[in-house]
Amino acid sequence: MTDATIIGGPSLPQERKLVTAIPGPKSQELLARKNAAVASGVGVALPVFTVAAGGGVLVDVDGNSLIDLGSGIAVTGVGNSAPKVVEAVKAQVERFTHTCFTVTPYDGYVEVAEKLNELTPGDHDKRSALFNSGAEAVENAIKIARHFTKRNAVVVFDHAYHGRTNLTMGMTAKNMPYKDGFGPFAPEVYRAPASYPYRDGLTGAEAAAQAILQIEKQVGAANTAAVIIEPIQGEGGFIAPAEGFLPAIQEWATANGVVFILDEVQTGFARTGDMFAADHEGVVPDLVTTAKGIAGGMPLSAVTGRTDIMNSAHAGGLGGTYTGNPTAVAAALATIETYQEENLVERAREIGAIIEEFFTELAKSDDRIGDIRGRGAMQAIELVESGSKTPAAALTGAIAKYAGEQGVILLTCGTYGNVIRFLPPLSISDELLREGLQIVADALAAN
Ligand SMILES: *Cc1c(COP(=O)(O)O)cnc(C)c1O
C-alpha cells in the first residue's frame with residue numbers, strides 16, 4: 001500500500017515539513033487497523049506510520065517529514081538506511097539468509113567477534129558471542145557469569161533497565177510499564193542504590209560505599225556472581241553516575257571474585273562521544289553487553305569479555321537459532337566501518353555540545369529545567385516543578401506531545417517519567433538538530 005519507489009537514507013530532503021496534522025489521515029487509518037490487529041500491550045509513542053527515514057528525518061505515509069531526535073531508541077547511530085549498511089545487507093541476502101551459525105558457521109560472525117574484541121574497553125584477551133536483542137545479551141552475560149563463578153546472586157541497581165524477558169524484567173527497576181502484572185520474576189536478583197548526582201548529592205565514592213555496604217550486608221560477596229550496571233543509565237533517566245562511582249564498584253567486584261558487567265546496550269558505539277561509555281573513566285569491565293547501535297537497525301547483540309570467563313561455558317551452552325544472523329552481522333560490519341570512517345565519535349561530541357549549550361542557556365530563564373546531563377549525543381533534561389525538585393511528569397508528557405505535533409520525534413524516560421532524552425542519529429545536521437531543540441523550547445514556553 002505504500003509507495004515502493006520512496007528511498008530512505010541520507011539523500012532524503014533534510015527538512016521538517018508538515019503537510020497534514022500529526023498524525024495525518026493515512027496514519028490514522030493505519031492506526032485503526034493496528035488497533036484491530038495488534039495486541040494493545042504493544043503501544044506506540046507517536047502514531048505516524050513510517051515510509052522512509054535517513055540523515056536526521058523520518059517521512060510518514062502522509063508525506064510529513066519529521067525531525068528524528070530518537071534514532072528508534074539509540075539504534076540508528078549511523079543514520080537510517082546508511083549507504084554502506086544497505087549495500088552490505090543487499091549483498092548478503094543475495095548470497096544466503098540463514099544457516100544457523102552453530103550448525104554451519106560463516107565468516108561474518110567471526111569478523112564481528114574480532115571487531116568487538118578489538119573495540120570494547122580493555123586490551124586483554126577476549127571472546128564474543130552474538131545474540132538477537134539486548135535482553136538476550138544480558139541474559140547470556142548472567143548465564144556466563146554464574147557458570148564461571150558457580151555463584152547465584154546478581155546485583156543490579158536502582159533505575160536500571162535491562163530488558164523485558166523474565167530475568168531482565170526482574171533486573172529492571174521500574175514497575176510500570178515494564179513489570180506490572182508480569183511476575184513472578186526470577187530469584188537471586190538484588191537491587192543496590194545507584195549514583196544519581198542531581199538527587200542524592202553524593203560523590204561517586206560515597207555512593208559506591210553505600211552500594212557496597214548494602215551488597216555485603218544483604219547479599220554477601222561470596223554469593224555474588226555478577227554486578228551489572230549501565231555506565232549511563234538509559235530508560236531510568238540518562239543518569240550518569242558521579243565520577244569515581246563505577247571504578248569503585250569495579251574495584252570491589254574484582255577484589256571479591258565478582259564478575260563486573262557493563263550493560264552498554266544503549267550507551268555503546270560512539271553514542272556518548274567515546275566508542276563505549278566505559279572509555280570515559282577508563283573502566284574495563286569483565287563482560288560487556290552491546291546491541292542497539294551495533295548494526296544500523298538490524299537486530300543483533302553481543303556479549304564480549306575476558307576469555308577465561310567467556311570460555312567457561314561448555315560447547316552448546318550458548319547460542320540460539322537466529323543468533324548472529326548473517327544479514328545482521330553484515331550490517332554490523334558496515335555499521336562499525338561507518339562509525340570509524342565518518343569519525344562519529346567526534347560527531348557525537350559536537351552534537352552533545354550543541355544540546356548542552358542550548359539548554360544551559362534556556363535554563364537561565366526556566367527553572368523547570370532542573371538538570372541537564374549526559375555525554376555526547378546521549379543528553380537529557382530533567383523537568384521539575386518550578387522552585388523545587390518535584391518531578392514534572394505531566395509537563396514532560398505535554399512537551400513530547402507538542403513536539404510530535406510539530407514534527408519532532410522526542411523520547412521521554414526516567415523512573416519519575418520527567419526526563420526528556422535526546423538521542424539523535426549521528427547523521428543529523430546541526431541545522432535540523434537546532435530546529436528540533438527550538439521546538440522543545442517552544443513547547444516549554446507554551447506549557
Ligand atoms: C534497550 C536496552 C536493553 C534491552 O534491549 P532489547 O534489544 O530491547 O532487548 C537492555 N539494556 C539496556 C541498557 C537497554 O537500553
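Reader: What are the bounds of domain 1 and domain 2 in the domain assignment of the chain?

Author: Domain 1 covers 25–81 + 343–446, and domain 2 covers 85–341. Such bounds come from an automatic or database domain assignment. The model is predicted, so local features need pLDDT of at least 70 and side-chain atom pairs count only at pLDDT 80 or more, while totals for chains, interfaces and linings use all residues. Residues are numbered from 1 along each chain as its sequence is written, and side-chain values use heavy atoms, with hydrogens and water left out.

Reader: How many residues of domain 1 and of domain 2 take part in the contact?

Author: The centres of domain 1 and domain 2, taken over C-alpha atoms, are separated by 25 Å. The contact takes 40 residues from domain 1 and 34 residues from domain 2, where contact means heavy atoms within 4.5 Å.

Reader: What is the area buried between domain 1 and domain 2?

Author: About 3100 Å², with carbon and sulfur atoms giving 57%. Buried area is the accessible area (1.4 Å probe) that two parts lose on being put together, summed over both. On the domain 1 side, Val-78, Arg-375 and Met-378 lose the most area to domain 2, together 26% of what that side buries.

Reader: Why is the pair Arg-421 and Glu-235 called a salt bridge?

Author: The term requires a side-chain nitrogen of Lys or Arg within 4 Å of a carboxyl oxygen of Asp or Glu. In Arg-421 and Glu-235 the closest N and O atoms are 2.9 Å apart, so the pair meets the rule. Across the interface of domain 1 and domain 2 the rule finds three salt bridges.
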